Each structure stands twice: as structure tokens, then as C-alpha cells.
Amino acid sequence: MFFLTLPLLLGCTAATTPLTAATPPVDPLPLTVVSTDQLPKGLAKDQQLWKKVNGQKGDYKALLTAIDHSLEYLGTDKAQKDYQDYKVPGITRDRVSRSLRRFRQLVVQAKSPKALETAVKREFQFYQSIGNDQKGNVDFTGYYEATYPASRQPTAEFRYPLYQAPADLKQWPKPHPTRAELEGSDGLQASQGPLKGLELVWLRDRIQAFLVQVQGSARLGLTDGTEMTVGYAGKTAHPYTSIGKALIADGKFTLEELSLPVVLQYFEENPQDLDLYIPKNKSFVFFQETFGSPPMGNLNVPVTDERSIATDKSLMPPGALALIQTNLPYYNASQTLEFKDVSRFVLDHDTGSAIKGPGRVDIFMGTGAKAKERAGVMTGSGQLYYLLLKDN
């Protein structure tokens, strides 16, 4: 996953455990078993399956779709490989798959949120993320699929390309060229180097082209009236570097002030600073046309609005059923955003460059302007649990 998300502006990472000279580094397991009598009251009562907090119809069918996508992934060779060395004892691909099938049955059979909560607590074991403090506190943010204007041909208006992956990318000697070396500090010099002829599509706005690279996926409205979708096709071997952190370090904003709308407004008012801050992220992402494909997570299955999450896949079980407790923004009757406390069943379908450690979760908020607004204001805390059928 490389969809746009506030932590990708910040480059958030989880805190690490302090070590003493006499203590060798030992990474704690990312998940710990929690008995049901220790769970917060109402934790598994997902009211939004039947009725959302804003009064709209619930997303019962969306959850079933997300479960089916997980089961599709779990039947692949990729899933078998992903689970070969999973570090938490007792969590296997087979158990995750059995858990999803049984949970799907319970969702279909349930007559109310309470009935589902009771059945889940009776049949499932809860594994809680240790969080960023080893006490279960997790930072939640949101990401979305953007839509931008674009052109299949370069024009005076559409000047900033997205690029296909070079055919010999795997053979490039390391260190790979930096972003500045590939496209220049102004983003317009790639025709002078190894990316010449690999232009896939052109965007009007440089910050939009950069954000598509951060997202790794986008839906583009073309000048001829058609639509084009693009998806991730590879990247250079440089880590992601946060432009949000760079802006904070230079005193442009405080951490509390930073948000996606604030960053976009800053660059709109100071376009010359794009040449300074964008090259700080040396990583460079390549694309392929996906011909109308829905937004995909890193498990190669579609992500589902508000039912798919992204976590650190070196720590968390891919495709597994999870339960989040946090607060999310919703539009009220006057079309302003209000935060509501929610407990939601979700599927772990994705990951991201800045989603590192057991204390980070990114929630997929959907496609388009409203999803963008909601994701742009999401910075909250909460808890993350994974649900596995009890061993008989």
C-alpha cells in the first residue's frame, strides 16, 4: 500500500524498547493473548454492520466482501510463504483461514450486534497488539485512493510524469539513483536519464504527482473524458523520507499543526519550496496501468472502505480478522466532520512505507474527495486485536 496517508507525511515509527548495556536486544512478540474478561466493555459490538453512526445503512455486505478477499489471499502460494516463519506461536495460515470461515458464518447468522459480540467472545481468542508502548496503545490514521486530472500526452499544462518501471530495475547497481538524480530537483529532468521513454501519464500538478508516488495507486480523469487507473509496479532501493518531518524541523509547522490540508496549502502558497522538500524523499516509485482495477493492498486483493487496514506485515498476520477500537471522523447532517468512538471488525489487507512497528494502523477510507477529507484529519489512538478460533 502506498495510498496517501498522514503518517507518510510524518514518517511515523513505533517507539523502541530501551536497552541497557547488560541486556541483549530482544524484540517482544507483537501480540499477546488477552482473556475475554479483560476486554473493554462492548469491544466486539460492531454497531456499524447494521447502521452507521451517521444514520446511513450499515456495511454488512462490505465486511463479507473483505472476508472473501482475505480467504482468496489465504488460498495462494504467497500466503503459504508469508506464514512460514510467522513469529507468534499458535497463529498459522490454517487457523486464520478457519477463523475467517467461522466468523463469516456468525456474521450471516447474527440478528444483532449483541448476538455477534456474544458469539465471538465465546468462540474466539483475542490477541492484542502490544502497541507503541508495550501497553496496547496504537496510533490510527487513514489513507485513501485519490482522483486527479491527467493526460496521456505531455502538454504545457500537464508536465509531470508518472513512470513505468525500467525493465532492468532489478539489475540496477546499488545504491540506486536518488529522486533528484532521476528527475531533477524540479521534477522535469527525467528525460535526460534512465527514465527517458518510460513516461506512462502526465499530471498537471507536481505535488499531485508526488502524492501518487506516496500512494502507489490512483484513479485519473483524463483530458479525453476517459478514466485511467494506475498501480504500484516497483520502487528504487531507498527508504521513504518524510517531507512532513522536514517541514516541522524547519519550523514551518508544529507536530500538532501538521495535517494533509495544511501541507497542501503550504505548497500552494510556496510552490518554490517543492524543489527543496520533494527531493528530500530519495525513494522513487514506478507504475503500471491497471485498467479499472479497484485499489489493491499488498496482498494482491482489493481493499474495502473502512473494513481494510494496513499494518507492519513483518509483525502482524496478513489477511487475518482484526478488531479495532478508536475514533473515526464522519460527516454529520451539516456536512462537517465529527469524531465518533467505534469498534469495528476489519481485515488486515495492506501495509505501507511508514507503517512500522506494532503501534501503527492505517485504515482505508475509500476513494474520492470525502475519503480524502476524512483521511486527512485522522490522527487518533486506540487498540488493535486479532481474533482466532479457540483451539479445541
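Predicted model: local features only at pLDDT ≥ 70, side-chain atom pairs only at ≥ 80, totals over all residues.

Reader: Fine. How many helices and strands are there?

Author: The protein chain has 11 helices and 14 strands. Its radius of gyration is 21 Å, close to the 21 Å that the globule rule gives for 392 residues, so the chain is as compact as a globular protein of that length.

Reader: And what box do the C-alpha atoms fill?

Author: Roughly 65 × 60 × 45 Å, taken along the principal axes.

Reader: What share of the residues is buried?

Author: Buried residues account for 54% of the 392. As for the accessible surface, the total is about 17700 Å², and 50% of that belongs to carbon and sulfur atoms.

Reader: What about contacts along the sequence?

Author: Take the contacts between residues at least 6 apart in sequence: 81% of them join residues at least 24 apart.

Reader: Charges, quickly. How far apart are the mean positions of the positive and negative ones?

Author: They are 6 Å apart, for 44 positive and 42 negative charges.

Reader: Which strands does β11 pair with?

Author: One is β12, residues 337-350, which pairs with β11 in the antiparallel sense over 11 bridges. There, Leu321 stands opposite Leu347 of β12. Another is β14, residues 380-389, also antiparallel to β11, over 4 bridges. In that pairing, Leu323 has Tyr385 of β14 as its bridge partner.

Reader: What sits between β11 and β12?

Author: The two strands form a hairpin with 5 residues between them, and Gln335 in this hairpin takes a positive phi near 65 degrees.

Reader: Is Leu299 buried or exposed, and why?

Author: Buried, because its relative accessible area is 4%, and the cut-off for buried is under 20%.

Reader: What is Leu299 in contact with?

Author: Leaving aside neighbours within four places in sequence, Leu299 contacts Tyr73, Lys78, Pro318, Gly319, Asp348 and His349.

Reader: And how far is Leu299 from Glu256?

Author: The two are 43 residues apart in sequence, and their C-alpha atoms are 33 Å apart in space.

Technical notes. Residues numbered from 1 in each chain as written. Heavy atoms only, no water. Rg over C-alpha atoms; globule rule 2.2 N^0.38 Å. Buried < 20%, exposed > 50% of the residue type's maximum accessible area, 1.4 Å probe, protein only. Contact = heavy atoms within 4.5 Å. Areas by Shrake-Rupley, 256 points an atom, 1.4 Å probe, with all protein chains shown as cover. Lys, Arg positive; Asp, Glu negative; His and termini not counted. Charge placed at Lys NZ, Arg CZ, Asp CG, Glu CD. Pairing = 2+ DSSP bridges.
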